[in-house]
Amino acid sequence: MTTACVVAMLLLWAGPVDPHRTLYDEGKDPDPSRDQMDKKWTKKDHHEDARSGEVRGCRRCCDPGEESPHQNQHPQYRIVPQINITLLKGEKGDTGERGPHGKSGRAGQTGAAGPGGLKGSRGGVGLPGEPCKSHFAAFSVARKKGLHSNDYYQTLVFDTQLVNLYGHFSMFTGEFYCYVPGVYYFSLNVHTWNQKETYLHVMHNEREAVILYAQPSDRSVMQSQSLMLQLERDDRVWVRLFKGERENAIFSDDFDTYITFNGHLIKPKHEL
């Protein structure tokens, strides 16, 4: 409301003003001396117009639409209003929406490494992890049939599987294959045959590790042998009969089990 009032006052104040025009009351007559001079100028103009063949009416220098003879000597000045733009300034508008992101520029070169920071404080105890994987191997096999050695060396093959963890013992070849390196414990149990020699080797690959031996006797007895071996990956452990000058045999029957071969891992190699 205040701004509109200021604009209206400035427009009224800046209106055109004619400094040569005299204000007078329309109800009063003009100055008589001015009329006489007007008549005098009119007669002169009439005679000049008659000579030129043109008739013009009486003119007054102060009539509207006519130029005053004094205007060329005294130019008219107009007052130009100066409007303060700050008075017309509106309220601040709302913030516009954010424009889209521009394209990413090229990656700059990697800067030099900064200085090392200070050592942080010690953290708290974390959650318990998953249980460690246990590496283990074990087997226990048996034979229910007696055996007489026919060749100089004869592999002892077993026909009954008691325990064969992860299938590391082959029932076809009679050999234990090492898949978990480490320290193993082995034991061999047999029953002797009357009047016959008992002679066996526990083999580590192609080497005799230990011997199980019993001389011929009128009485049959149980014999055993045990040992520990440190095995590597793909090593083999097996049992063979050795035929010497005497007949070599081990006893068993279909009802009872007299011959067993056992082995298990004591400690894996990565924990030694």
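Trainee: What do the side chains of Glu-206 and Arg-236 form?
Mentor: This is a predicted model. In it, Glu-206 and Arg-236 make a salt bridge, at 2.6 Å from N to O.

Trainee: Where in the chain do Glu-206 and Arg-236 lie?
Mentor: Glu-206 is in the loop between β8 (198-204) and β9 (207-214), while Arg-236 is in strand β11 (residues 236-242). They are 30 residues apart, so the pair links distant parts of the chain.

Trainee: Is Glu-206 buried or exposed?
Mentor: Glu-206 has a relative accessible area of 59%, so it counts as exposed, the cut-off being over 50%.

Trainee: Which residues are in the network of salt bridges with Glu-206?
Mentor: Glu-175 and Arg-236 are linked with Glu-206 in that network.

Trainee: How many salt bridges does the count come to?
Mentor: Six. One of them joins Arg-240 and Glu-208, with 2.7 Å from N to O. Arg-240 is in strand β11 and Glu-208 in strand β9, 32 residues apart.

Trainee: Which ring does Arg-240 lie over?
Mentor: That of Tyr-153. Arg-240 lies over the face of Tyr-153, 3.7 Å from the ring centre. There is also Lys-196, whose charged end sits over the ring of Trp-193, at 4.6 Å from the centre.

Trainee: Back to salt bridges. What does Glu-232 pair with?
Mentor: Lys-269, with the closest N and O atoms 2.9 Å apart. Glu-232 is in the loop between β10 (222-231) and β11, and Lys-269 is in the segment after β13 (259-268). The two are 37 residues apart. Both ends are partly exposed: Glu-232 has a relative accessible area of 34%, and Lys-269 has 41%.

Trainee: Now the rings. How many aromatic pairs does the structure hold?
Mentor: It holds 18 aromatic pairs. Among them is Phe-139 with Phe-176, which is stacked, at 5.0 Å centre to centre and 20° between the planes. Phe-139 is in strand β1 (residues 138-143) and Phe-176 in strand β6 (residues 175-177), 37 residues apart. Phe-139 and Phe-176 are both buried.

Trainee: Why is the pair of Phe-176 and Phe-186 edge-to-face?
Mentor: Because the planes of Phe-176 and Phe-186 are at 65°, and an angle over 60 degrees counts as edge-to-face. Their ring centres are 5.9 Å apart. Phe-186 belongs to strand β7 (residues 182-191), 10 residues from Phe-176.

Trainee: What are the relative accessible areas there?
Mentor: Phe-176 has 1% and Phe-186 has 0%, so both count as buried.

Trainee: Last one. Which residues does Ser-140 touch?
Mentor: Leaving out residues up to four places away in sequence, Ser-140 touches Gln-161, Leu-162, Val-163, Phe-261 and Asn-262. Ser-140 lies in strand β1 and is buried, with 13% relative accessibility.

How values were computed: Residues are numbered from 1 along each chain as its sequence is written. This is a predicted model: local features need pLDDT of at least 70, side-chain atom pairs count only at pLDDT 80 or more; totals for chains, interfaces and linings use all residues. Side-chain values use heavy atoms; hydrogens and water are left out. Rings of Phe, Tyr and Trp (its six-membered ring) pair if their centres lie within 6.5 Å; planes under 30 degrees apart count as stacked, over 60 as edge-to-face and the rest as tilted. Helices (H or I, at least four residues) and strands (E, at least two) are DSSP runs, numbered from the N terminus. Buried means under 20% relative accessible area, exposed over 50%, partly exposed in between (1.4 Å probe, protein chains only). A charge sits over a ring if NZ of Lys or CZ of Arg is within 6 Å of the ring centre and within 35 degrees of the ring normal. Contact means heavy atoms within 4.5 Å. A salt bridge is a side-chain nitrogen of Lys or Arg within 4 Å of a carboxyl oxygen of Asp or Glu.
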